[in-house]
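Hi there,

Here is the structure I promised to send over. Have a look at it first, and then read on for what turned up.

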Amino acid sequence: METFIRRAPRAAALVAAVLLLALPPFVSSFMLSLMTQALVWAMLAMSLDLLLGYIGLASLGHAAYLALGAYSVGILTTRHGADFWTSLAVGIAVAALGAAVFGLVALRATGVYFLMITLALGMTVWGLANRWVSLTSGDNGIAGVPRPRGLPWDVSGALPFYYLVLVAFAVAFVVLWTVVHSPFGKTLVGIRESESRMRTLGYHVWLHKYIAFVIAGAAGGFAGVFWGYYNGFVSPADAELATSVEILLMVALGGRGTLFGPVLGAFVIVLLRNVVSIYTHRWLLILGAVYIGTIVYAPEGIIGMARDWLKARARAPLRPAPSP
Amino acid sequence: MSGEFFIGQIFNGVSYAALLFLLAGGLSLIFGMMRIVNMTHGSYYLLGGYVALTVMWRGAPFVVAIVAAAIVIALIGIAEWNAFLKRLSGQELGQVLTTMGFALIFQDLGLVIWGGDPHTIRLPETLSGSWVVGELYFPVYRVFIVGVAIAVSLTLWLVLEKTRLGAMMRATVDDPEMARGVGINVFRISMGVFALGAMLASIAGVVAGGFVGVYPGADFEILPYAFVVVIVGGMGSLKGALVGSLMVGLLDNFGKALFPELSYFTLFAPMALILAVRPTGLFGRA
């Protein structure tokens with residue numbers, strides 16, 4: 001039974017990986033588009049999980065990095081004809097720079113105050129996207145972002161583009177996985193559990209948080225680059241408060257502090273949104289219910305629920321039979 | 001920059017600040033007392049406007065509409081708090097997600113019930129028109145809003161500082177456990193404050209309906225402003241909410257007039273910087 005508990009998540013991850021690799025050539029173009037979109041949001045949710053799940057910092061401004069990455073692509077490709085690698089490098093650099101500045105401001109606070117400062121910081125990016133018309137085209141957004149150019153193979157088709165995003169997702173996953181399983185990542189968890197104890201042990205708490213904050217921002221920008229390419233359109237909605245909260249939902253719904261959870265959460269939300277929208281216009285009503293339901297029924301997320309269920313199953317046979 | 005321009009902008013900024021204070025004053029009390037991050041606050045504002053519209057379409061006067069909106073929204077707030085929020089104290093993520101869920105549900109219900117078109121609340125005769133002083137026009141309605149905000153802030157201040165109820169509320173903000181220990185019904189006080197906050201937000205919504213209108217999306221448009229006011233002023237501090245409202249109102253107006261391309265940036269960036277220096281806000285306590 002013990003081995004079953006240990007193996008179940010790995011088996012599930014393996015099945016998911018095989019599906020992501022092998023399924024796309026056989027699904028409809030609608031489904032393929034949804035899977036591509038879900039992978040992008042999954043990257044974004046994983047990047048936020050580094051903050052929320054591993055250091056315990058809930059950010060209300062994570063959409064800012066999505067927007068910084070996406071706008072970099074939008075501006076560079078439509079106005080300067082930039083190729084994929086340039087857009088990617090600039091997108092990540094801009095988001096990392098943004099996080100480096102924001103981190104200086106935001107990391108002075110924790111808890112509610114951290115939420116509020118990141119909200120204000122996120123709004124500055126939204127404000128620039130909305131009003132700095134000469135750079136961002138304001139409310140109209142930037143349309144006509146082409147598919148990536150300058151890669152050794154052609155990714156203009158939906159299927160090759162999907163695999164490009166899948167490769168990006170794999171890179172993001174491996175990088176973040178390495179980070180959270182490194183001594184650095186363990187230190188982050190230590191900070192989440194007890195900041196004062198880690199400080200007493202001689203760890204530079206602020207610096208650890210700061211580095212993680214910048215990594216999360218850069219990873220968010222990385223996702224944003226692919227969002228810009230996927231959507232072909234960049235607008236202030238990418239930087240909205242509602243978008244930031246939705247990323248938080250994906251992490252919480254899947255299960256924070258697991259990396260797999262946010263991926264699951266992103267897939268559930270993206271698929272649910274698009275499938276439900278076919279049948280009804282009342283998607284927001286349902287999304288609202290998902291928000292509330294997550295907190296009421298699955299505060300530790302789907303992964304947390306599954307873990308509890310597995311543990312309960314494992315424990316069940318050990319319970320003594322009720323005596324008559 | 002002429003003197004008229006300057007005075008005009010200050011007047012606009014102050015009247016917007018008055019509106020923000022109505023919205024954010026209650027939010028600040030809720031924050032201070034219960035540490036609840038309430039994303040539904042913008043929805044109370046929007047729904048307040050809609051309820052007032054419905055009542056006025058049936059022929060009721062403006063004042064009745066304000067009272068009706070205040071009562072309905074206060075009841076909604078009490079229900080939401082009782083059913084969900086009171087159990088989530090100390091869980092910021094849970095609060096954000098739950099209240100966001102309600103905000104989305106209210107947004108969609110608003111769309112179902114009142115449609116997607118913008119509406120304007122028709123003002124009574126006495127409040128329309130303008131006072132003209134030299135080259136300057138002061139719309140009576142905006143002066144009225146400033147008056148309402150001053151009246152509300154004075155009332156709140158008197159209640160908080162000079163009455164027994166106010167002392168109980170302050171005790172609950174400072175130390176809920178001790179307050180409970182000396183026999184204050186913290187539960188009832190908290191519920192009352194939550195209702196009061198929702199009520200003030202709905203009044204702000206009705207008042208705003210008279211000059212910016214009532215329209216889908218107004219909830220999420222105003223919400224960040226309310227948050228910024230509360231956090232800059234300091235959670236739980238009425239004085240802070242007042243100063244924060246003035247700062248946000250003026251920065252917003254001057255930003256839009258002087259640096260249109262950077263206008264939101266000139267609003268939110270200074271706020272973030274103030275928070276960086278004083279994470280608890282100008283008048284807040286940790």
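Accessible areas come from the Shrake-Rupley method with a 1.4 Å probe. With that in mind, chain B exposes about 11800 Å², and carbon and sulfur atoms supply 67% of this area. Please remember that this is a predicted model.

Now for the fold. Chain B contains 11 helices and two strands. If you walk along the sequence, the pattern reads α-α-α-α-β-β-α-α-α-α-α-α-α. The radius of gyration is 19 Å, close to the 19 Å that the globule rule gives for 286 residues, so chain B is as compact as a globular protein of that length. Its C-alpha trace spans about 60 × 50 × 35 Å along the principal axes.

What about the inside? Buried residues account for 55% of the 286 residues in chain B. Among contacts with a separation of 6 or more, 76% are between residues 24 or more positions apart.

Is B:Asn253 buried or exposed? Its relative accessible area is 16%, and buried means under 20%, so B:Asn253 counts as buried. Leaving aside residues up to four places away in sequence, B:Asn253 touches B:Gln9, B:Asn12, B:Gly13 and B:Tyr16.

Enjoy exploring!

Best wishes

Terms used. Residues are numbered from 1 along each chain as its sequence is written. Chains are lettered from A and ligands numbered from 1 in the order in which they are written. This is a predicted model: local features need pLDDT of at least 70, side-chain atom pairs count only at pLDDT 80 or more; totals for chains, interfaces and linings use all residues. Side-chain values use heavy atoms; hydrogens and water are left out. Helices (H or I, at least four residues) and strands (E, at least two) are DSSP runs, numbered from the N terminus. The radius of gyration is taken over C-alpha atoms; the globule rule is 2.2 Å times the number of residues to the power 0.38. Buried means under 20% relative accessible area, exposed over 50%, partly exposed in between (1.4 Å probe, protein chains only). Contact means heavy atoms within 4.5 Å.
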